[in-house]
Amino acid sequence: MPMTLPDTEFDPDDNFAAGDADGIDLDDDAAVEVLVWQLLLLINPGDEESAAQQFRDWQEATAGADDDRLVPALQATIDWKSGFHVAEEDPGTLIDAINELAARYNLDLDWGVEDPTDAEFLDGASPHALLELAYDQLRVDGYTLWTRETGGDTLAGWFAARDDDEAVRLVAHALGIEVRPGAG
C-alpha cells in the first residue's frame with residue numbers, strides 16, 4: 001500500500017535530533033519514503049505541489065523495485081524538474097539544465113559571456129568551473145547548488161535553499177547519496 005504524503009513541516013532538528021543519520025534503518029520502506037519525501041521538499045523549496053508529484057512518480061517507479069533502484073529512480077523523477085544529470089563532456093547541456101532550474105526561482109545566471117551556447121565558448125568550458133560559477137551566483141540569491149556522486153562520467157545535482165544546507169547533507173547521507181556543494 002503506498003504511503004500517504006508525510007507531514008510537510010520538515011524541521012531537520014526534529015527529524016535528526018542527534019545530528020547523525022547513520023542510525024536510520026533503510027531496510028524499512030517507510031523510513032526510505034520519509035527521507036525521499038524530505039529530500040524532495042528540500043530540492044523543491046516553496047513548491048510542495050512539485051515535491052508531491054515527484055514523490056508519487058518516485059513511488060510508482062520504485063514499487064517492488066530493489067534497493068539499488070531507489071537513487072536512479074529518484075534521479076529520473078527529478079531530472080529537468082528539480083535536478084539535473086548530464087554527461088560531463090557536455091557543458092552546453094549542463095548550462096541548459098542549470099538555467100532551467102534557476103528559471104524556477106526567477107534567477108538568471110551570468111556565465112561570463114554574451115552567448116553561453118556559443119560553440120567556441122563551450123569548447124573551452126570546464127564543467128567543474130561552470131558548476132562553481134553557478135554555485136557562487138546561487139549562494140548570493142539564497143540557494144546552494146549541490147552535486148552528487150554518480151559513479152561515472154556524468155554530473156548530477158539539484159538546488160536547495162541555502163538555509164537548508166545541513167538538512168540536505170543529513171537527508172542525502174541517510175539515503176546513501178554522497179553530495180557536496182558546488183563542484184566539490
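Trainee: What covers the buried residues of H5?
Mentor: The cover includes strand S1 (83-87), helix H6 (119-124), helix H7 (127-140), strand S2 (143-148) and strand S3 (154-161). The buried residues of H5 are Pro91, Gly92, Leu94, Ile95, Ala97, Ile98, Leu101 and Ala102. Buried means under 20% relative accessible area, exposed means over 50%, and partly exposed lies in between (1.4 Å probe, protein chains only).

Trainee: What should I keep in mind about these values?
Mentor: This is a predicted model, so local features need pLDDT of at least 70 and side-chain atom pairs count only at pLDDT 80 or more, while totals for chains, interfaces and linings use all residues. Residues are numbered from 1 along each chain as its sequence is written, and side-chain values use heavy atoms, with hydrogens and water left out.

Trainee: What makes something a helix or a strand here?
Mentor: Both are DSSP runs, numbered from the N terminus: a helix is H or I with at least four residues, a strand is E with at least two. The protein comes to eight helices and four strands, and along the sequence they follow the pattern α-α-α-α-β-α-α-α-β-β-α-β.

Trainee: Why is H5 called roughly parallel to H7?
Mentor: H5 and H7 pack at an angle of about 15°, with their axes 10 Å apart. That angle makes H5 roughly parallel to H7. The classes are: under 35 degrees roughly parallel, over 145 roughly antiparallel, 65 to 115 roughly perpendicular, and the rest oblique. The axes are lines fitted to C-alpha atoms, for helices over the stretch in contact, and angles run from 0 to 180 degrees between N-to-C directions.

Trainee: Which residues make the contact of H5 and H7?
Mentor: Pro91, Leu94, Ile95 and Ile98 on the H5 side, and Pro127, Leu130, Leu131 and Ala134 on the H7 side. They divide into eight nonpolar, no polar and no charged. Contact means heavy atoms within 4.5 Å. Nonpolar takes in Ala, Val, Leu, Ile, Met, Phe, Trp, Tyr, Cys and Pro; charged is Asp, Glu, Lys and Arg; the others, Gly among them, are polar.

Trainee: How do you know that the length of H2 agrees with expectation?
Mentor: H2 (residues 29-43) has 15 residues, which should span 21 Å, and its end C-alpha atoms are 21 Å apart, so the two agree. The expected span is 1.5 Å times one less than the number of residues.

Trainee: Why is H2 described as largely enclosed by the rest of the structure?
Mentor: Twelve of its 15 residues are buried, so H2 is largely enclosed. Among those buried residues are Glu33, Trp37 and Gln38.

Trainee: What makes H2 roughly parallel to H4?
Mentor: The axes of H2 and H4 come within 12 Å and cross at roughly 30°. That makes the two roughly parallel. H2 passes H4 in a right-handed crossing. The label right-handed means that the near helix is turned clockwise from the far one by less than a right angle, and left-handed means anticlockwise. In the contact, Val32, Val36, Leu39, Leu40 and Ile43 of H2 meet Leu70, Leu74 and Ile78 of H4. Those residues divide into eight nonpolar, no polar and no charged.

Trainee: What else do the buried residues of H4 pack against?
Mentor: Besides H2, they pack against helix H3 (48-62), S1, S2 and S3.

Trainee: Why is Trp80 called partly exposed?
Mentor: Trp80 has a relative accessible area of 36%, so it falls in the in-between class. Trp80 sits in the loop between helix H4 (70-78) and S1, and its phi is near 65°, a positive value in a residue other than glycine.

Trainee: Is Asn106 buried or exposed?
Mentor: Asn106 is exposed, at a relative accessible area of 73%. Asn106 is in the loop between H5 and H6, and its phi is near 55°, a positive value in a residue other than glycine.

Trainee: How do you know that Ile177 counts as buried?
Mentor: Its relative accessibility is 6%, so Ile177 counts as buried. Ile177 lies in the loop between helix H8 (165-174) and strand S4 (179-181). Not counting residues up to four places away in sequence, Ile177 touches Leu39, Val71, Leu74, Arg148, Trp158 and Ala172.

Trainee: How much of the protein counts as buried?
Mentor: Of the 184 residues, 46%.
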